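Colleague: I have a model here and some labels to check. Can you take me through them?

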Amino acid sequence: MPNSALAQEFQGGIVIANNSSGSMKIVQAPLPDSVILPLQQRIGDEAVALVAVGDEVLTGQLIAETTDYFCTPIHATISGIISAIDKQIIPHKSGLKSNCISIKSDGKDEWISLNQQHKNFLQSPPEKLIDAIQAAGIVGLGGGGFPTHAKLKNLTNCQTIIINGTECEPGIMCDDALMQNHPLEVISGVEILLHICAASRAIIAIEDDKPAAFSALQKCNKNQQISIVKIPTKYTSGAEKLLIKSLLNIEIPSGSFASDEGIICQNVATVKAISDAIIEGKPLVSRVVTVTGSGVAIPQNYEVRLGAKFADIIAASKPNNLPHNLRMGGLMMGLDVENIGLPIGKISNCIFVNNAEKKPAEQPCIRCGQCNLVCPVGLLPQQLFWWSKHKNTEKAMDYNLPDCIECRCCDFVCPSHIPLAQHFVAAKELNYQQTQQQYKTAIAKKRFEFRQFRLERNAAERAEMMAKKRAELQKKMANDKSQKAKIAKALERVKTKKDENNSNI
Ligand code: SF4
Ligand code: SF4
C-alpha cells in the first residue's frame, strides 16, 4: 500500500465537528508533589507491593509485581518516599476504591540506572524483547489498557502490523501531538514490532485531518516495510475491526480476533513506549494527556507522570470558575468522573473539562430509524433497544448484542435523546449474569443427577453383592447338608459292620 493511499470508508459512523483548537506542542507538566499508583490493573490480579511505607524509591524503580499473565509490573513514577499503601478512589466505572501505593516526591526526580541491553534490537531474540516490554509495564495506551506483551506472546503467522494513529474522537489531540513531536520514536517502535512479529509489513493509519502528523512520519520513514496511510476522518474509524476493514478489506467475523487473520493492531503511543523501553531502557512512567473542553482557556497536551492528579494538569489549562462536567477519555466512549483528585493512569488519554449543561430529557422512540443508519457494525439499535429495555436478553442476543462496540453513534443521532448504548451495556451485563446463573444451574443439575446415579449404582452393587453372598451361603449350607448325610451314612455303615461282627463271635 503506497504512503499516501486513502483507505476506503466504512459504512455507518458519524462525522462530529471538531471545535478544538489546541496547540500540538507537548508541554512538560510540572513534577507532581505526589503520585497515586493503583495496584489493580485493567484486568488480572492485583499486583503485590514490593515496598513498605517509609521506603525511599527512585524514578523507574520496580515497586509492585504480579505473576498474573495479564498484568504488568508497576514502577515508581517519581523519586521520593512511600507515603501510604492503602485504598484510594481510582478512575474506574465501578467507582470503587482500589489498593494504591502513594509516593511523596523528594523534588529530585532521581532515576534508576537504565538497562539498554536491547538498544541494537535486531541482535536480540524476539522473546527477550517481549519480556523487556512486559518488564517496562507497557499496556495499550489508546484507551484499551490491554497488556502489550500478552498480545505479542504466542502470536503465530503475523503478516501485518497496523499502527492506529487515529484519535477516534474529536477533541483528543494526544496521539496527533505525539506523532508530530516524536515521529522517529514511533517509526523505531514499529521497526521493533516488525522484528518481534516477523511480519512482512506495517501500516500506520492516520486520519486525513492530521496532515502535519502524516508528513512528520513520512519524513522519518526510510523503511520499505512501513507504509503510512490516510483514513477518512469519521467516528469510529479507529475501532480495530473497522480499521482492518478500511485498510485491508478484511472482515473479522463476530467472535474472532484480528490475530486469527495474522494481523496485530497497536496504538501509536504504545509503539512510542515500546521504543522508549527497548532503545532507552525506560519503563513506562509517563504519558501524553490532552486537557480540553469548553471549561478551559488553553486546550493543551501534557507529558505527565502516571499517578499525578487530574488537578495538576487541569490547573495549567486555566479552567474557568463555572461548574464543570469532567470526563476521562473521549466524549463518546469516555467515563464521567467527579473528582479532580483522581490519579492519571496509563489509559487516561484525555480529560474533558466542560461547562456543566443540562441534558435534554429522554423522549419515547419515534421509530425514525436514524440509529440503524449510523451503526458502524451494522446492528439494528432500535430493535436492540426494544429487547434490552424489556430485559429480553435472548432476543437481544438474536440481534447480535455482543457485537455492539458501545460507540454511542446511535445515541448521538437519536432525536428522542435515548441513551441507547447505556441500555446495551446493561443488557450485556444482564446476559452475563443470566449465563453465569444458567451455568451454575446446569452444574448443580449435573451434580444432583450424578448423586442420584451414584446412589442408585451403590444400591444396585450392594443388592448384587448381597445376592451373591446369599447364593454362596446357600451353596455352602447345601454342601454342609450333603456332607452330614455322607457322615451319617458312613456312621451307619460302621455300626452295621460292628453289629455283624458281634453276631459272628
Ligand atoms: S434514533 Fe431514537 S427515536 Fe429514532 S428509531 Fe432509533 S431509538 Fe427510536
Ligand atoms: S453503540 Fe452499539 S448499537 Fe449503537 S451504534 Fe455503536 S455499535 Fe451500533
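Colleague: How many residues around ligand 1 are nonpolar, polar and charged?

Modeller: The shell has 7 nonpolar, 3 polar and 1 charged residues. Ala, Val, Leu, Ile, Met, Phe, Trp, Tyr, Cys and Pro count as nonpolar, Asp, Glu, Lys and Arg as charged, and the others, Gly among them, as polar. This is a predicted model: local features need pLDDT of at least 70, side-chain atom pairs need 80 or more, and totals for chains, interfaces and linings use all residues. Residues are numbered from 1 along each chain as its sequence is written, chains are lettered from A and ligands numbered from 1 in the order written, and side-chain values use heavy atoms, without hydrogens and water.

Colleague: Which residues surround ligand 1?

Modeller: Among them are Cys365, Cys368, Cys371 and Cys414. Arg367 and Gln382 are also in the shell. A residue is near a molecule if one of its heavy atoms lies within 4 Å of it.

Colleague: Why is H3 called oblique to H7?

Modeller: Helix H3 (residues 174-181) and helix H7 (residues 268-279) pack at about 45°. Under 35 degrees is roughly parallel, over 145 roughly antiparallel, 65 to 115 roughly perpendicular, and the rest oblique. So H3 is oblique to H7.

Colleague: What makes the contact between them?

Modeller: Asp175, Leu178 and Met179 of H3 meet Val268, Ala269 and Lys272 of H7. Contact means heavy atoms within 4.5 Å. These residues divide into 4 nonpolar, no polar and 2 charged.

Colleague: Which backbone nitrogen lies 2.8 Å from a polar side-chain atom of Ser105?

Modeller: That of Gly107. Ser105 itself is in strand S8 (residues 97-105).

How values were computed
Axes are lines fitted to C-alpha atoms, for helices over the stretch in contact, and angles run from 0 to 180 degrees between N-to-C directions. Helices (H or I, at least four residues) and strands (E, at least two) are DSSP runs, numbered from the N terminus. A polar contact is a pair of N or O atoms within 3.5 Å; within protein, one must be able to donate a hydrogen and the other to accept it, and residues adjacent in sequence count only if both atoms are side-chain atoms.
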